[in-house]
Amino acid sequence: MRKEIFGKTFDEERALYNLTAADVIDCVFAGPADGESVLKEARDVSLENCRFSLRYPLWHVQGFKIHDSKMDELTRAAIWYSHDGVISDSDLGGIKAVRECSNIKISDCTITSEEFGWKCDNISISDSTLKAQYVFLDSKNVTLDKVKMSGKYSFQYMENLTIRNSVLDTKDAFWHSKNVTVYDSVVKGEYLAWFSEGLTLVNCKISGTQPLCYCKDLKLINCTMENCDLAFEYSDVEATVTGHVDSIKNPRSGSITVDSVGEVIMEDAVMECTGEVIVREV
């Protein structure tokens, strides 16, 4: 039989430790005792309209739902080593909100959390906003759909990432990533995707200096590139670009088809570069 905990305030260390098969509704996790790990080792729990202002509340949790809840900036490292969770219509604040978790679905959320989503597996985010300087470092099997993201060093050392219908305002994104596909999205930022392998961009709007260098198995399909100079240096690339590219430098192999290009620079290469730039005939 499920337990119900309604309208209470908890602030002590491990206040609901190992809580099992329970619904926690309209509760507050805050107070002068400033206790950590209030729901550590919980199993099969549902949290509805709860407020968090304590550190490490959901560590080693198995099977959880969080709905219409808020974790403020004091809720440090909120969800670690936890699995099989659903988070919806909630605010996730506090540094390092999710780490080393798996099988987590996030929807209709506002996420403001530095170092979010590190070393995770099978995470999905939809219809949400995400602000984080470092997001999803060294994670795998991640999907984003209708996400507005801002930050800097995003999606580095990731594997198996799919992004759709999103806006990414970032810098140094996708460095050293493998098997990333981005559809129908806006990608803003400097030094995009250096050292990536298997990156595919489809129907994307790309902007920022020196993008897509040192890439292996890079594909661009029907993309635009605005304010992109010194692009594709030492990359193995097959690209079809609509519109103008400011400059292209020393592509290592493959072909880049554009409507126009300001400058093609094929000089001072430190390796053999046989990439071809094709300008469409008007």
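Predicted model: local features only at pLDDT ≥ 70, side-chain atom pairs only at ≥ 80, totals over all residues.
**Salt bridges**

Side chains of opposite charge can pair when their charged atoms come close. In this model the count comes to 14 salt bridges.

| Pair | N to O distance | Relative accessibility of each residue |
| K119 and D138 | 2.8 Å | K119 44%, D138 37% |
| D217 and K219 | 2.7 Å | D217 45%, K219 33% |
| K249 and E233 | 3.8 Å | K249 23%, E233 14% |

Take K119 and D138. Their side chains meet in a salt bridge, with 2.8 Å from N to O. K119 sits in the loop between β15 (110-112) and β16 (121-135), while D138 sits in the loop between β16 and β17 (140-154), so the bridge ties together parts that are 19 residues apart in sequence. K119 is partly exposed, at 44% relative accessibility. D138 is also partly exposed, at 37%.

Next come D217 and K219. A salt bridge joins their side chains, at 2.7 Å from N to O. D217 has a relative accessible area of 45% and is partly exposed. K219 is partly exposed too, at 33%.

The last pair in the table is K249 and E233. Their side chains form a salt bridge at 3.8 Å, N to O. This pair links distant parts of the chain, 16 residues apart. K249 belongs to strand β26 (residues 244-249). E233 lies in the loop between β24 (218-226) and β25 (236-241). E233 has 14%, and it counts as buried because the cut-off for buried is under 20%.

Salt bridges also form a network. R2, D23 and D44 are linked in this way.

**A sheet of three strands**

Now to the strands. An open sheet holds 3 strands in the order β7-β10-β13. The pairing is parallel. Which strands stand at the edges? They are β7 (58-59) and β13 (98-99). Each edge strand has a single partner strand, so one side of each is left without a neighbour in the sheet.

Strand β10 covers residues 79-80. β7 and β10 run parallel and are joined by 2 bridges. Within this pairing, L58 stands opposite I79 in β10.

How values were computed:
Residues numbered from 1 in each chain as written. Heavy atoms only, no water. Salt bridge = Lys/Arg side-chain N within 4 Å of Asp/Glu carboxyl O. Helix = DSSP H or I, 4+ residues; strand = E, 2+ residues; numbered from the N terminus. Buried < 20%, exposed > 50% of the residue type's maximum accessible area, 1.4 Å probe, protein only. Pairing = 2+ DSSP bridges.
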